[in-house]
Amino acid sequence: SLVDEFGMTAFHVLFSTAAPSGELLKVLLEKYPYYILGLKDANAQLAMDYLVLNWTGQNKMLLQTALEKWLFSRLTSWGA
């Protein structure tokens, strides 16, 4: 399953930590389909919402990386 009993994905868990790892984000982006970034948890939060709530300069780069993957993957799937 892509979600736990709280509806959280691996991205929700990663982005809710005090210091999310950029390397782990890259691994997760390669492993999981892009659309799970659009799933909401039991609190109606997207994974990226947790990143924004815990805003730091490092998280800005992580958010950019996640958004680029999410948007680019969606655009390339239109032609498939």
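A charge sits over a ring when NZ of Lys or CZ of Arg is within 6 Å of the ring centre and within 35 degrees of the ring normal. Keep that in mind for the first stop. The model is predicted, so local features need pLDDT of at least 70 and side-chain atom pairs count only at pLDDT 80 or more, while totals for chains, interfaces and linings use all residues. Residues are numbered from 1 along each chain as its sequence is written, and side-chain values use heavy atoms, with hydrogens and water left out.

**Stop 1: a lysine and a ring**

Select lysine 31 and tyrosine 32. The charged end of lysine 31 sits over the tyrosine 32 ring, 5.5 Å from the ring's centre.

**Stop 2: the aromatics**

Rings of Phe, Tyr and Trp (its six-membered ring) pair if their centres lie within 6.5 Å; planes under 30 degrees apart count as stacked, over 60 as edge-to-face and the rest as tilted. There are three aromatic pairs in the structure. One of them joins phenylalanine 11 to phenylalanine 15, a tilted pair at 6.3 Å centre to centre with 50° between the planes. These two phenylalanines are about one helical turn apart because they are four residues apart in helix H1 (residues 10–15). Helices here are DSSP runs (H or I, at least four residues), numbered from the N terminus. Both phenylalanine 11 and phenylalanine 15 are buried, where buried means under 20% relative accessible area, exposed over 50%, and partly exposed in between (1.4 Å probe, protein chains only).

Now jump to tyrosine 34 and tyrosine 35. Their rings form an edge-to-face pair, 6.2 Å centre to centre and 85° between the planes. Tyrosine 34 counts as partly exposed at 25% relative accessibility, and tyrosine 35 is also partly exposed, at 45%.

**Stop 3**

Valine 3 is in the segment before H1 and is partly exposed, with a relative accessible area of 33%.

**Stop 4: isoleucine 36**

Next, pick isoleucine 36, in the loop between H2 and helix H3 (47–53). Buried or exposed? At 1% relative accessibility, isoleucine 36 is buried. Setting aside neighbours within four places in sequence, isoleucine 36 contacts Leu2, Thr9 and Phe11, contact meaning heavy atoms within 4.5 Å. Its C-alpha is 9.8 Å from that of methionine 8, 28 residues apart along the chain.

**Stop 5: the salt bridge**

Go to helix H2 (residues 22–31), where lysine 26 and glutamate 23 lie three residues apart, about one turn of the helix. They form a salt bridge, with the closest N and O atoms 3.8 Å apart; the rule asks for a side-chain nitrogen of Lys or Arg within 4 Å of a carboxyl oxygen of Asp or Glu. The count comes to one salt bridge. Lysine 26 is partly exposed at 48% relative accessibility, whereas glutamate 23 is exposed at 56%.

**Last stop: asparagine 59**

Finally, select asparagine 59 in helix H4 (residues 57–78). Asparagine 59 is buried, with a relative accessible area of 1%. Not counting residues up to four places away in sequence, asparagine 59 touches Pro20, Leu51 and Asn54.
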